[in-house]
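Take a look at the sequence and the 3D structure below.

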Amino acid sequence: MDEKVLHAIGKVELHCHLDGSLSLEMIRQLAALIGQPLPASDAELRQLVSAPPDSEDLMDYLKPFDFIRPLLQTKQALEMAAYDVIAQAAAENVRYIEVRFAPDQSTDQGLSVAEATTAVIAGLHRGMSQFDIIARALVCGMRQLPVGTTAKMFEQTAPLLTRGLVGADFAGNEAAFPPTAIKPAILRAQQLGVPLTLHAGECHEPQNIEQTLRLGIRRIGHATALYDQPALIHQFVNAGATAELCLTSNLQTKAARSLAEFPYPALHAAGAKITINTDNRTVSNTTLTREYWLFGQNFGVTLADLLAFNHTAVDAAFCTEAQKAVLHARLEKDYQRYL
Ligand SMILES: O=c1[nH]cnc2c1ncn2[C@@H]1O[C@H](CO)[C@@H](O)[C@H]1O
Ligand SMILES: [Zn+2]
């Protein structure tokens, strides 16, 4: 597939972390606001904020997030960061994006989780006012936090559900905190009517995917551990679940130790609902265009496949039905001249 075409076609992205997707320029601006010195060269800065090349697992991969965290502690910083991610997505013709972030990681200097979320939404709105894109927010509970803290975060952010927030996720240390460990917080979110997606199957634990399905969750981030689990794939397909695949990230976290451990071919063959995502543009040093290209190179994915995945992403999105109808029509138009 032609890279120029991959850049030009409309895209829908469901799995993108705010803090893992800041441009280097934005990182410099945010660091300047708090007087944090940074390496002068972009190459060195990129190293600081990218997945370590020798990452052995998810927790290694997550190390650069510790560097970003102090930069995202004010309303102004969160607003600027959200705008920055929207600008990047719009520049590669993403038409709809759900940007996720963990409000509890932006309370170190006294912001409330509601203030943090409101600031992110404000940045998304500024982006939408300037670019041809629809952006919505997802709040992430961090698995390693006490479930009571996360439940409270959901209670305090749920009122924003009609104002730009559309759902929630759980991120962080999956190996130590499987779905059963965070179940009370998941149930609280469900009681509050918060649509959920969940990171699962990123640490070679297919049972986490099964547990996620059993909890009634129908969007799964990564779902990598399905690659050699035909029975569970069958269950996944029967449940009508959607996989938020993140190829580059999986190779870095060793969720897939090689392409052979990436679940796309098995999921595709089984007729599973598939979407393609970046996970973290900066930490994974990628773009959605590049992820599409990698699927073409490695798995023979075609433009017609990409159109289908984007329709799937719209179907699984947490926006309104009216917005979905507009997005479906927009995608058809976008792809028409290339197919
Ligand atoms: O692939 C991932 N798996 C699990 N957690 C992640 C991944 N990427 C980012 N985060 C975590 O989500 C938080 C909120 O955005 C980030 O701070 C990071 O710790
Ligand atoms: Zn993720």
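Predicted model: local features only at pLDDT ≥ 70, side-chain atom pairs only at ≥ 80, totals over all residues.

The report below goes through this structure topic by topic.

Cys203 is in no disulfide, and the nearest cysteine sulfur belongs to Cys246, 13 Å away. A disulfide needs two cysteine sulfur atoms within 2.5 Å. Cys203 counts as buried, because its relative accessibility is 17%.

Cys319 is also without a disulfide. For Cys319 the nearest cysteine sulfur is that of Cys16, at 16 Å. Cys319 has a relative accessible area of 9%, so this cysteine is buried.

The structure holds 17 salt bridges. One of them joins the side chains of Glu79 and Arg126, with 2.7 Å from N to O. This pair links distant parts of the chain. Glu79 sits in helix 6 (residues 75–91), while Arg126 sits in helix 7 (residues 113–130). The two residues are 47 residues apart.

## Salt bridges of Arg95

Arg95 lies in strand 2 (residues 94–101). Arg95 is at 10% relative accessibility, so this arginine counts as buried. Arg95 forms a salt bridge with Asp132, and the closest N and O atoms are 3.9 Å apart. Asp132 is in the loop between helix 7 and strand 3 (134–142). Asp132 counts as partly exposed, because its relative accessibility is 46%.

Arg95 also forms a salt bridge with Asp334. Here the closest N and O atoms are 2.9 Å apart. Asp334 belongs to helix 16 (residues 321–336). This pair again links distant parts of the chain, with Asp334 and Arg95 239 residues apart. Asp334 has a relative accessible area of 12%, so this aspartate is buried.

## A salt-bridge network

Salt bridges also link residues into a network. Its members are Glu98, Arg100, Asp169, Arg219 and Glu244.

Thr150 lies in helix 8 (residues 147–157). Its relative accessible area is 1%, so Thr150 is buried. Which residues does Thr150 touch, not counting residues up to four places away in sequence? The contacts are Gly141, Met142, Leu145, Phe170 and Ala185.

Glu92 is in the loop between helix 6 and strand 2. Glu92 is buried, because its relative accessible area is 6%. Leaving out residues up to four places away in sequence, Glu92 touches His7, Ile9, Lys11, Arg281, Thr287, Leu288 and Thr289. The C-alpha atoms of Glu92 and Asn280 are separated by 15 Å. Those two residues are 188 residues apart along the chain.

## The cavity

The structure holds 1 cavity of 30 Å³ or more. The largest cavity contains about 90 Å³ of space. Its lining is made of Leu18, Asp19, Phe65, Arg69, Leu72, Leu78, Phe101, Ala102, Gln105 and Ser106. By class, this lining has 6 nonpolar, 2 polar and 2 charged residues.

## The largest pocket

The volume of the largest pocket is about 380 Å³. The largest pocket is lined by 23 residues. Closest to its centre are Leu62, Phe65, Gln105, Met142 and Gly172. Phe65 and Gln105 also line the largest cavity. Met142 is among the residues that Thr150 touches.

Which elements give two or more residues to this lining? They are helix 4 (58–61), helix 5 (64–68) and strand 3. Helix 4 gives the most, with 3 residues. The lining residues of the largest pocket divide into 10 nonpolar, 7 polar and 6 charged.

## The second largest pocket

The second largest pocket has a volume of about 180 Å³. Its lining has 13 residues. Nearest its centre lie Arg46, Gln88, Arg281, Thr286 and Thr287. Arg281 and Thr287 are also among the contacts of Glu92. By class, the lining of the second largest pocket has 3 nonpolar, 7 polar and 3 charged residues.

Notes. Residues numbered from 1 in each chain as written. Chains lettered and ligands numbered in written order. Heavy atoms only, no water. Buried < 20%, exposed > 50% of the residue type's maximum accessible area, 1.4 Å probe, protein only. 1 Å grid on protein atoms, 1.4 Å probe; cavity = no way out; pocket = protein on both sides within 12 Å on 5 of 7 lines; lining within 4 Å. Points joined across faces, edges and corners; volume = space filled by probe spheres on them. Nonpolar A, V, L, I, M, F, W, Y, C, P; charged D, E, K, R; others polar. Salt bridge = Lys/Arg side-chain N within 4 Å of Asp/Glu carboxyl O. Helix = DSSP H or I, 4+ residues; strand = E, 2+ residues; numbered from the N terminus. Contact = heavy atoms within 4.5 Å.
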